[in-house]
Amino acid sequence: MKSDSSTFKLLCWNVNGIRAIQKKGFLDWFLQENADIVCLQETKAQKEQLEESLIAIPGYESFWCSATRKGYSGVATYTKPKPVSVGNGFGIPRFDEEGRVLITEYPQFLLYNIYFPNGKKDQTRLDFKMDFYESILGHWEELRKQGESLVICGDYNTAHKEIDLVRPKENENISGFLKIEREWMDKLVMLGYVDSFRLFNQQPNQYTWWDMMTRARERNMGWRIDYFLVTEDLVPKVKNAWICPQVMGSDHCPIGLELFM
């Protein structure tokens, strides 16, 4: 699928380490896709640690938001159209120091590239995740009051519905499918944030993350935790949304969104 003058093609991928995926054909995939914007999560690198071939891909500007702690978290956005503005974080230091949020502004929308926290480690990290969820939702709602349209992509670290993971009953007490996490996703939908993929695909067994330790990908025993959400005013502009389970190199696969512009 190629982009043309009337559409924007956006891709999103938790790469689980950009230096690792560089060795697995990342640049070949990137150039073949020819997207307008590519958002990466869990880059696990400071910009100065990277080769120039990753930073300066011909035809794109790249922007980076890294964690204070090296080898942890991090997001990056590659873009053909020049952003009106670029911002790292959303103004709360304890979240921003983890390098989770990169905002690029375009005339048509604000694009949020986010690596949401994982709550599986312990209660402290689950509390951190839920605080992040509520804080950033409040931030988005303030922007919407000002008339902004939002595209929010990334690894949300939560499967929303039972259809979005292979064994919902067995995982209802595991972070990533807890009631409180899913209720936050319900709140998003109620407020007018739309899961673009489900506009086009209501089928089960559509996943974006698989446990590498159990070789779950070979059996497609996965979770759908990566999303392009759009505010409801942008829904008429959504041309297509998809996932790319055939693309290897990470424990996640890329997802895509195409917008009429």
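Modeller: Buried means under 20% relative accessible area, exposed means over 50%, and partly exposed is anything in between, using a 1.4 Å probe and protein chains only. Lys145 has a relative accessibility of 65%, so Lys145 counts as exposed.

The model is predicted, so local features need pLDDT of at least 70 and side-chain atom pairs count only at pLDDT 80 or more, while totals for chains, interfaces and linings use all residues. Residues are numbered from 1 along each chain as its sequence is written, and side-chain values use heavy atoms, with hydrogens and water left out.

The part I take is helix H5, residues 123–145. Helices are DSSP runs of H or I with at least four residues, and strands are runs of E with at least two; both are numbered from the N terminus.

I start with the charged side chains. Side chains of opposite charge can pair when their charged atoms come close. The term salt bridge is used for a side-chain nitrogen of Lys or Arg within 4 Å of a carboxyl oxygen of Asp or Glu. A search of the whole structure gives 18 of them. In one, Lys145 meets Glu142, with 3.3 Å from N to O. Both residues belong to H5 and are three residues apart, about one turn of the helix. Glu142 has a relative accessibility of 42%, so Glu142 counts as partly exposed.

Another salt bridge joins Lys129 to Glu181, whose closest N and O atoms are 2.8 Å apart. Here the partners come from distant parts of the chain: Lys129 is in H5 and Glu181 in helix H6, 52 residues apart. Lys129 and Glu181 are both buried.

Next come the rings. Rings of Phe, Tyr and Trp (for Trp, the six-membered ring) form a pair if their centres lie within 6.5 Å; planes under 30 degrees apart are called stacked, planes over 60 degrees apart edge-to-face, and the rest tilted. The whole structure holds 24 aromatic pairs. Phe128 and Phe95 have ring centres 5.0 Å apart and planes at 70°, so this pair is edge-to-face. Phe128 is in H5 and Phe95 in helix H4 (residues 93–96), so the pair ties together parts that are 33 residues apart in sequence.

Trp140 and Trp184 are both buried.

A charge is said to sit over a ring if NZ of Lys or CZ of Arg is within 6 Å of the ring centre and within 35 degrees of the ring normal. Arg144 lies over the face of Tyr193 in this way, 4.5 Å from the ring centre.
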